[in-house]
Amino acid sequence: MTDWAHLHAPSLADFEALAEAAYARLPKEFRALCEGVVIRVEDFPDDETMEAMGCETPFDLLGLFRGIGLAQGGAMMQTGQFPNMVWLYRRPILDYWAEHEESLGTLVTHVLVHEIGHHFGLSDDDMEAIEAAAS
């Protein structure tokens with residue numbers, strides 16, 4: 001049995017480790033196509049992102065893909081273009097986790113695959129298959 005009395009909420013570094021582990025479990029072919037995608041972990045989205053996404057609270061957004069996805073012709077970086085990036089937002093993910101019946105690792109994998117899926121223009125069915133392969 002876990003001794004919950006002495007555990008702390010996962011830190012940003014803990015979340016980065018969860019994201020790295022989730023990424024490492026993704027199918028090799030999928031990871032090969034993700035070359036150059038930067039994964040960042042923050043507590044919350046910044047004000048500009050919240051406004052752009054129409055968020056009412058900082059807990060409305062679990063993750064975000066920002067960049068030019070492969071579906072939009074982003075396979076080759078252009079001069080002056082920022083790298084494609086995926087953000088995972090720790091506090092909203094923890095809040096969601098507290099209210100649902102799934103493991104934190106499963107949830108981080110889900111958000112990561114969903115956001116990377118935007119890079120590829122994947123369907124929900126495609127993303128579910130990738131998540132299942134990473135389990």
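1. Tryptophan 87 sits in strand E3. Helices (H or I, at least four residues) and strands (E, at least two) are DSSP runs, numbered from the N terminus. This is a predicted model: local features need pLDDT of at least 70, side-chain atom pairs count only at pLDDT 80 or more, and totals for chains, interfaces and linings use all residues. Residues are numbered from 1 along each chain as its sequence is written, and side-chain values use heavy atoms, with hydrogens and water left out.

2. Is tryptophan 87 buried or exposed? Tryptophan 87 is buried, because its relative accessible area is 14%. Buried means under 20% relative accessible area, exposed over 50%, and partly exposed in between (1.4 Å probe, protein chains only).

3. Now look at what surrounds tryptophan 87. Contact means heavy atoms within 4.5 Å. Leaving aside neighbours within four places in sequence, tryptophan 87 is in contact with Arg40, Glu42, Leu62, Gly63, Leu64 and Arg66.

4. Threonine 49 counts as buried because its relative accessibility is 2%. Which residues does threonine 49 contact, leaving aside its neighbours within four places in sequence? They are Leu61, Leu64, Arg66 and Tyr89.

5. Step back to the whole chain. The protein chain has six helices and three strands. Along the sequence the pattern reads α-α-β-α-β-β-α-α-α. Of the 135 residues in the protein chain, 34% are buried.

6. Two more totals describe the chain. Take the contacts with a separation of 6 or more: residues 24 or more positions apart account for 68% of them. The accessible surface comes to about 8400 Å², and 54% of that belongs to carbon and sulfur atoms. Accessible areas come from the Shrake-Rupley method with a 1.4 Å probe; for residues, only the protein chains shown count as cover.

7. Next, the nonpolar cores. A nonpolar core is a set of buried Ala, Val, Leu, Ile, Met, Phe, Trp, Tyr and Cys residues joined through side-chain atoms within 4.5 Å. The largest one has 24 residues, and Leu88, Ile93 and Ile116 have the most contacts inside it. The elements giving two or more residues to this core are helix H1 (12-25), strand E3 (85-89), helix H4 (90-99), helix H5 (104-120) and helix H6 (124-134). H5 supplies the largest share of this core, eight residues. Another core, of seven residues, lies apart from it; Met50, Leu61, Trp87 and Tyr89 are among its members.

8. Isoleucine 116 counts as buried because its relative accessibility is 0%. Leaving aside neighbours within four places in sequence, isoleucine 116 is in contact with Tyr23, Leu26, Phe30, Cys34 and Val86.

9. Now the helix pairs. Two packed helices are described by the angle between their axes and the distance between the axes. Axes are lines fitted to C-alpha atoms, for helices over the stretch in contact, and angles run from 0 to 180 degrees between N-to-C directions. Angles under 35 degrees count as roughly parallel, over 145 as roughly antiparallel, 65 to 115 as roughly perpendicular and the rest as oblique. A crossing is left-handed if the near helix is turned anticlockwise from the far one by less than a right angle, and right-handed if clockwise.

10. Start with H1 and H5. They pack at an angle of about 65°, with their axes 9 Å apart. H1 is therefore roughly perpendicular to H5. H1 passes H5 in a right-handed crossing. H1 brings Phe15, Leu18, Ala19, Ala22, Tyr23 and Arg25 to the contact, and H5 brings Leu104, Gly105, Val108, Thr109, Leu112 and Ile116.

11. H4 also packs on H5. Their axes come within 10 Å and cross at roughly 130°. H4 is therefore oblique to H5, and the crossing is right-handed. Here Ile93, Leu94, Tyr96 and Trp97 in H4 meet Leu104, Leu107, Val108 and Val111 in H5.

12. Finish with H5 and H6. Their axes come within 10 Å and cross at roughly 140°. H5 is therefore oblique to H6, and this crossing is right-handed. Thr109, His110, Val113, His114 and Gly117 in H5 meet Met127, Ile130, Glu131 and Ala134 in H6.
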